[in-house]
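Here is a short briefing on one protein chain. Look at the structure first, then read the points below.

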Amino acid sequence: MPEGLRQPALNAVKAFEAVARLGSLKAAATALGVTASAVSHQVRHLENEIGKRLFVRRNNAIELTREGHRLFEHVGPALRSIAKATEAIRQDTRIVSLNVTTSFAQLWLIPRLADFRRRHPRISIDMAT
């Protein structure tokens, strides 16, 4: 990140994006798996950090301000880009989970793992004994 640019808290940005996209604190909270109060707190934190109001809050409605629209135009695509990049990496590697006895792991499996990894570099082994 270039010198002088301050990066906002990612959780606050994710909360803002969810509210802007879904149009409500409650819907954003459900999508993020947190409480509406937590989402509201994160959005206020981002507003304080930026120094601008991002939403106009009315009784049972929330609406983006002009600054909120400007931020959402950039944040939405950026978060989707991050999600696509991580999903591409996630899909590129397969994980095989094994639960084996200690003796089997020591005597048979572990001596063969190096060869397996060389032949199958996109498969990761998660082993428990």
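A nonpolar patch is made of residues with over 30% relative accessible area and no salt bridge, with nonpolar side chains joined within 5 Å. Keep that in mind for the surface. The model is predicted.

**Overall build**
- The chain has five helices and four strands.
- From the N terminus, the elements run α-α-α-β-β-α-β-α-β.
- The C-alpha trace spans about 65 × 35 × 20 Å along its principal axes.
- The radius of gyration is 22 Å, whereas a compact globule of 129 residues would be near 14 Å.
- Of the 129 residues, 22% count as buried.

**Surface patch**
- Phe104, Leu107 and Trp108 form a nonpolar surface patch of about 340 Å².
- Trp108 sits in helix H5, which covers residues 102-119.
- Is Trp108 buried, partly exposed or exposed? Trp108 counts as partly exposed because its relative accessibility is 41%, and that class lies between under 20% and over 50%.

**Nonpolar cores**
- In soluble globular proteins, nonpolar side chains tend to be buried together.
- The largest nonpolar core here has 18 residues. Phe16, Val19, Val39, Val43, Leu46 and Phe55 have the most contacts inside it.
- Helices H1, H2, H3 and H4 and strand E2 each supply at least two residues of this core. H1 gives the largest share, seven residues.
- Val43 touches Ala15, Phe16, Val19, Phe55 and Arg57, leaving out residues up to four places away in sequence.
- A second, separate core has five residues, among them Ala105, Leu109, Leu113 and Ile125.

Notes:
Residues numbered from 1 in each chain as written. Predicted model: local features only at pLDDT ≥ 70, side-chain atom pairs only at ≥ 80, totals over all residues. Heavy atoms only, no water. Patch = residues over 30% accessible without salt bridge, like charges linked within 9 Å, V, L, I, M, F, W, Y side chains within 5 Å. Areas by Shrake-Rupley, 256 points an atom, 1.4 Å probe, with all protein chains shown as cover. Salt bridge = Lys/Arg side-chain N within 4 Å of Asp/Glu carboxyl O. Buried < 20%, exposed > 50% of the residue type's maximum accessible area, 1.4 Å probe, protein only. Core = buried A, V, L, I, M, F, W, Y, C linked by side-chain atoms within 4.5 Å. Contact = heavy atoms within 4.5 Å. Rg over C-alpha atoms; globule rule 2.2 N^0.38 Å.
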